[in-house]
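Hello,

Here is the structure we spoke about. Please open it alongside this note.

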Amino acid sequence: MTPGLQPDQQVRRWSEHVHVYETAFEPLTDRFAAAALRALPLGPGARCLDVAAGSGGAALAAARTGAQVVAIDAAEGMAARIRERARAADLPVAAAVMDAARLALKDSSFDAALSLFGLILCPDAPAALREAVRTVVPGGPVAVVTWTEPQNYELIGRLLAAVTAVRGPQPPPPGLPAQLRFCAEGDFRALLAAGGLEPIEISRLQADLEAPSASWLAARLTFAPGLADLLAAQGEARESVVARFVTDLERDQGRGAVRLKAVAFLGLGRRSETLARSGP
């Protein structure tokens with residue numbers, strides 16, 4: 001572990017979760033990615049950067065518009081999976097391992113940039129956003145998606161309810177999860193402004209995490225380091241917690257396909273003409 005960083009901020013750990021993330025969770029993030037890509041003027045010949053690209057869902061979708069995409073992620077396993085998927089689909093996506101706060105990319109290299117739920121995990125998220133913005137041509141658009149309304153994130157809500165049902169009330173976490181630092185619109189707007197974006201538009205998005213069944217989803221809950229640690233922390237009660245999660249979900253939605261709501265903000269802005277050069 002890296003001292004001071006939460007599990008989901010420990011980039012090397014993400015390489016352990018690539019395939020289960022892609023299978024269980026990327027379909028949800030792809031729904032938010034579709035909205036982000038509609039907001040960007042991509043098409044044949046456009047150059048697009050995807051920051052903290054995960055297993056590549058958004059990058060591949062951008063490439064399907066004809067854009068030339070560079071996807072960066074700090075986890076080698078994620079970057080390797082993006083390259084593998086791009087080759088299999090014959091899509092123009094180049095993937096590289098980079099620290100989002102120190103991109104080895106030239107200023108004004110791209111026509112647009114985006115980041116879905118990745119850049120917001122960076123320890124210094126404003127610095128990471130400034131790096132992404134400086135690689136975009138002056139006036140070019142940048143889209144960032146972050147979580148909001150955590151009370152409406154049904155997957156975690158149901159999992160924590162299962163923990164409480166099995167083990168009783170638990171002490172609150174010591175601090176806010178890193179991915180929720182910008183869940184308030186004012187905080188998110190401040191992040192985008194600190195990154196050098198203007199004017200800023202923020203819209204609310206809602207999508208469902210869909211799974212073939214509650215038991216199928218329960219078998220794939222460890223799609224992220226934080227969730228893996230949460231389940232491991234249940235110790236001998238882990239199996240009982242997961243069983244309760246399944247029982248409660250089946251009670252409400254049946255034994256077939258299930259849907260769990262999630263809400264996000266899409267932030268859109270353009271690179272300020274006065275953004276200072278800071279890259280290589």
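Below is what was found, by topic.

This is a predicted model: local features need pLDDT of at least 70, side-chain atom pairs count only at pLDDT 80 or more, and totals for chains, interfaces and linings use all residues. Residues are numbered from 1 along each chain as its sequence is written, and side-chain values use heavy atoms, with hydrogens and water left out.

Strands. Helices (H or I, at least four residues) and strands (E, at least two) are DSSP runs, numbered from the N terminus. Two strands pair if DSSP finds at least two bridges between them. Strand 1 (residues 47–51) pairs with strand 2 (residues 68–73) in the parallel sense, over 5 bridges. Leu-49 faces Val-70 of strand 2. Strand 2 also pairs in the parallel sense with strand 3 (residues 93–97), again over 5 bridges. There, Asp-73 has Val-97 of strand 3 as its bridge partner. The chain gets from strand 2 to strand 3 through helix 4 (residues 76–89), in a right-handed β-α-β crossover. Right-handed means that, with the strands pointing away from the viewer, the path from the first strand over the helix to the second runs clockwise.

Cysteines. The count is 0 disulfides (cysteine sulfur atoms within 2.5 Å). For Cys-122, the nearest cysteine sulfur is that of Cys-48, 17 Å away. Cys-122 is buried, at 13% relative accessibility. Buried means under 20% relative accessible area, exposed over 50%, partly exposed in between (1.4 Å probe, protein chains only).

Aromatics. The whole structure holds 9 aromatic pairs. Rings of Phe, Tyr and Trp (its six-membered ring) pair if their centres lie within 6.5 Å; planes under 30 degrees apart are stacked, over 60 edge-to-face, the rest tilted. Trp-14 and Tyr-21 pair edge-to-face, at 5.8 Å centre to centre and 90 degrees between the planes. Both are buried.

Salt bridges. There are 20 in the whole structure (a side-chain nitrogen of Lys or Arg within 4 Å of a carboxyl oxygen of Asp or Glu). Arg-85 meets Glu-26 at 2.9 Å, N to O. That pair links distant parts of the chain: Arg-85 sits in helix 4 and Glu-26 in helix 2 (residues 26–39), 59 residues apart. Arg-85 is buried at 16%, and Glu-26 is buried at 5%. Asp-248 meets Arg-244 at 3.0 Å and Arg-251 at 3.3 Å.

Best wishes
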